[in-house]
Amino acid sequence: MGTPKHCRDAGFSIIEALIAAAILLIIALGLLPLFTRSISDNVSGNDASQATNNSRTEVEELLQMPFNNTRIVVPDGSLVGQTKDFWTAGDLTKIGDADEGWWADASTHGTTLWNRTTEVRQYSISDLDDGNLDHPQPGGTQPTFIQLKELTVIIDNPKKNIFGNGQGITLKVVKPF
């Protein structure tokens, strides 16, 4: 007696298996851009968080300083006091490397991850009469004429736009006398 006809036709042929595999491959290729976009968005979100945190930390430190602290004094004859520093990763193979941190000169401390520019402008309270701070007082102005300091912290990412990633942030705050 032979094998019944319904038993011989059971299962998949090699052609059916190849067609099913091709359909699955097309679906998987359609999902691949979602994963690359997700990675890119995660990197961008991380950059934005780090930039925001680095900016806030600097602004909070500046706000707690005395009004005449050298870090927030405008140099004589200038309308803006400006400092630049750089966050370096140090040796990426060592956790807590001594070269990690903010430096005025990053050339000897490792890979630069962030650039920070801090700007200080000083104003008389009467400059607010029109609602705008648009007439900064030059450095060297007598302290009795300076009642406000505008502190601007700009964090920039050197890798910005290399792969469509990288975030920067600018924070401004007014410090009263």
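**Charged side chains around the sheet**

Glu119 is buried, with a relative accessible area of 14% (buried, under 20%; exposed, over 50%; partly exposed in between; 1.4 Å probe, protein chains only). The model is predicted: local features need pLDDT of at least 70, side-chain atom pairs count only at pLDDT 80 or more, and totals for chains, interfaces and linings use all residues. Residues are numbered from 1 along each chain as its sequence is written, and side-chain values use heavy atoms, without hydrogens and water.

Glu119 forms a salt bridge with Arg121 (3.2 Å, N to O). The term denotes a side-chain nitrogen of Lys or Arg within 4 Å of a carboxyl oxygen of Asp or Glu. Arg121 is partly exposed, at 22% relative accessibility.

Glu150 is buried but has no salt bridge. Arg121 is its nearest side chain of opposite charge, 4.0 Å away (Lys and Arg count as positive, Asp and Glu as negative; His and the chain ends are not counted). Contacts of Glu150 beyond four places in sequence include Glu119, Lys172 and Val173 (heavy atoms within 4.5 Å).

The whole structure holds 5 salt bridges. Arg71 pairs with Glu58, with the closest N and O atoms 2.6 Å apart. Arg71 is partly exposed, with a relative accessible area of 38%, whereas Glu58 is buried at 2%. Arg116 also forms a salt bridge with Glu58 (3.4 Å, N to O). Arg116 lies in strand 3 and Glu58 in helix 2, so this pair ties together parts 58 residues apart in sequence (DSSP runs numbered from the N terminus; helices, H or I, at least four residues; strands, E, at least two). Arg116 is buried at 6%. Glu58, Glu61, Arg71, Asp85 and Arg116 are linked in a salt-bridge network.
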